[in-house]
Amino acid sequence: MFAKPPLLTIQQGSKGTFVSWLEDLGLKDFLTNHPLPKLVEWGWLVPQYRVVFPVDYFLAWQNFPLCPAQTDPDKPAFDIEDYLWASDWCINDDRNPLWFLHPFFHTDDATHEFLRRNDFLTTPIPESFIHPYRSILITPYADYLFHWQAYALIDVICKADYFQPILNTPDIEERAQSVIRGATQLKQNDIKPTDVLSESNNWGGLAEPMTWLSHYRAFRDALFGNEDQNLHIKGAKQLAEHLGINAEILEDAIETKLLRLAKRWLWANEKYCKWTLQAWPYLQQDIRLALEWLYILNDNDLAFYLDKWAYSSFGEREWVDLRKVLPYEFFQDKQYFLLYLPFYEKHYKDILPTNEKLKQFVDSLQSTNKSFGSLLNAFRQLHENLEYYPEQKGGLDFRTLRPLDYYSLLAIRAESCLRYALGYDREENISQENDKKGLTDYIRELARQRNISDSVVDFFEQKKNNNGQKYTKAGQYTQPKKSNDPIGKIMQVECADERNTCLLKAFLSCLLARNYFAHHTYLDKELIRTEKSAFMLTGILTTVLVLLDDTVDYS
């Protein structure tokens, strides 16, 4: 698998990898109306290099531009030209001292000198000629640009997009004249869209860190198919050292350069700017790659920077909240959980951690219990279903609310979290006996580990009646044979003291949602924005958070 180099090409003024990249960013129609040679002439695009290829190169390539090339054996080889024209790259090993860097940037490589032989500003576009075998017109040159110069072009276009469309209204002549007057004033004030390319708070300051990123992108792509993660880490570190940067420099560049650019583009997206909207996902990807590189250099992780570059208070920042740039679901689920759980505090007061302790505990569970992320997502789905405001979507709500579906899902995720904590998913613990266990068993075993009172645990102990049938005291609450109000019955249960009563109610609520809700849909209406709804939701969450917290001893 071959990758593209840091430098992309404009071949013959209309083709090449940079042209394809511009089309990916949504500029295909724009290029139809504004050809690339004209953009270069205006200074909207400034190539890094221009190479004029010898005519004999194309004459030797008898089936140009088709590949594989059919070459004339009587003509000399054009190895350097071939590489400059195609410029594909792959990394096979790390034996070369600069193995992580594209050969265009090796000072001892022939292509390095060839690229820099001519100054772009003083190298005119050569004359075209007709290929004798293919009868097609060829302009034998290529311009070379970094990938980020496409983003810079978009900013130039945004700056140039100065006037609103003119509608065919009765006063069209008057408004057309106002456009002419505005254009004249722009000329007189020497306001040019290309100013963004040199401003220090714009592309004048962005060019260097984005060039680093162009190199990292190319290196990463050239490793495609190579599953040796150590090679990736080694190359990323050596590339940073070669470019003269470290974790601190890269982190500062992301915060003060890339996230500022992202802020401007997000603002433009909110205004439905057609130039930035289609290109935005690609800028997101580049910022994600910059962070990936940073993790390698300093051993932090995504969650660390989502916290670091988050708005912890109201007010403007020069950089955008990273969560808006990379809206990862796992982090949004966590933030949603931490934001809304305190609203139910009266149901778990003095039982669960709060504030920073709660955040640290949730962070720990997300990293150590692989099922916990699913529980957070289920909480968010349930809450958003109940908190839906139809006036925000046109004023009509055509849904049929079925909250039991979400409570059941939340309870299933809770069971998964407890099972994982007990290690029953590990290969050494897989057995027929453990496979038969369910939520009642998990609650009982973890409650014992937490030294929770026997008065609570006894409800979940399996016993036999006079007929030899197995039962638990919890069953009369969570699998009642006749009950029109199972939730209300649990809300009235009493235990040894206030704390143990709270724990018992929580465990019973979780078990009721897991087992009873699957077969009794009549409860849907009782769980739509009611006290019982909050009670059940809190009970499930309290069950998980209490039983997974091995730092608390309830004895």
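The protein exposes about 29300 Å², of which carbon and sulfur atoms supply 48%; accessible areas come from the Shrake-Rupley method with a 1.4 Å probe, and for residues only the protein chains shown count as cover. This is a predicted model, in which local features need pLDDT of at least 70, side-chain atom pairs count only at pLDDT 80 or more, and totals for chains, interfaces and linings use all residues. Residues are numbered from 1 along each chain as its sequence is written, and side-chain values use heavy atoms, with hydrogens and water left out.

**Overall form**

- The secondary structure comes to 26 helices and seven strands; helices (H or I, at least four residues) and strands (E, at least two) are DSSP runs, numbered from the N terminus.
- The radius of gyration is 32 Å, well over the 24 Å that the globule rule gives for 555 residues, so the protein is more spread out than a compact globule. This radius is taken over C-alpha atoms, and the globule rule is 2.2 Å times the number of residues to the power 0.38.
- Along its principal axes, the C-alpha trace spans about 100 × 70 × 45 Å.
- Of the 555 residues, 48% are buried (buried means under 20% relative accessible area, exposed over 50%, partly exposed in between, with a 1.4 Å probe and protein chains only).
- Among contacts (heavy atoms within 4.5 Å) between residues at least 6 apart in sequence, 70% join residues at least 24 apart.

**Charge**

- There are 61 positive and 77 negative side chains, and the centres of the two sets lie 7 Å apart.
- Lys and Arg count as positive and Asp and Glu as negative, while His and the chain ends are not counted. The place of a charge is taken as NZ of Lys, CZ of Arg, CG of Asp or CD of Glu.

**Backbone features in loops**

- The peptide bond from phenylalanine 64 to proline 65 is cis, with omega near 5°. Proline 65 sits in the loop between helix 4 (55-60) and helix 5 (79-86).
- Serine 87, in the loop between helix 5 and helix 6 (110-115), has phi near 60°, a positive value in a residue other than glycine. Serine 87 is buried, with a relative accessible area of 1%.
- Serine 135 lies in the loop between strand 3 (129-130) and strand 4 (137-138). The phi of serine 135 is also positive, near 55°, but serine 135 is exposed at 58% relative accessibility.

**Helix 18**

- Helix 18 covers residues 372-386, and its end C-alpha atoms are 21 Å apart, in agreement with the 21 Å that its 15 residues should span at 1.5 Å a residue. The expected span is 1.5 Å times one less than the number of residues.
- Eleven of the 15 residues are buried, so helix 18 is largely enclosed by the rest of the structure.
- The buried residues of helix 18 include Phe372, Phe379, Arg380 and His383.
- Helix 16 (329-340), helix 17 (355-368), helix 19 (403-422) and helix 26 (531-547) are the elements that the buried residues of helix 18 pack against.

- Threonine 111 belongs to helix 6 and is buried at 3% relative accessibility. Leaving aside neighbours within four places in sequence, threonine 111 is in contact with Ile80, Tyr83, Leu84, Pro103 and Phe104.
- Alanine 506, part of helix 25 (residues 498-515), is buried at 4% relative accessibility.
- Not counting residues up to four places away in sequence, alanine 506 touches Gly539, Ile540, Thr542 and Thr543. The C-alpha atoms of alanine 506 and threonine 542 are separated by 6.1 Å, although the two are 36 residues apart along the chain.
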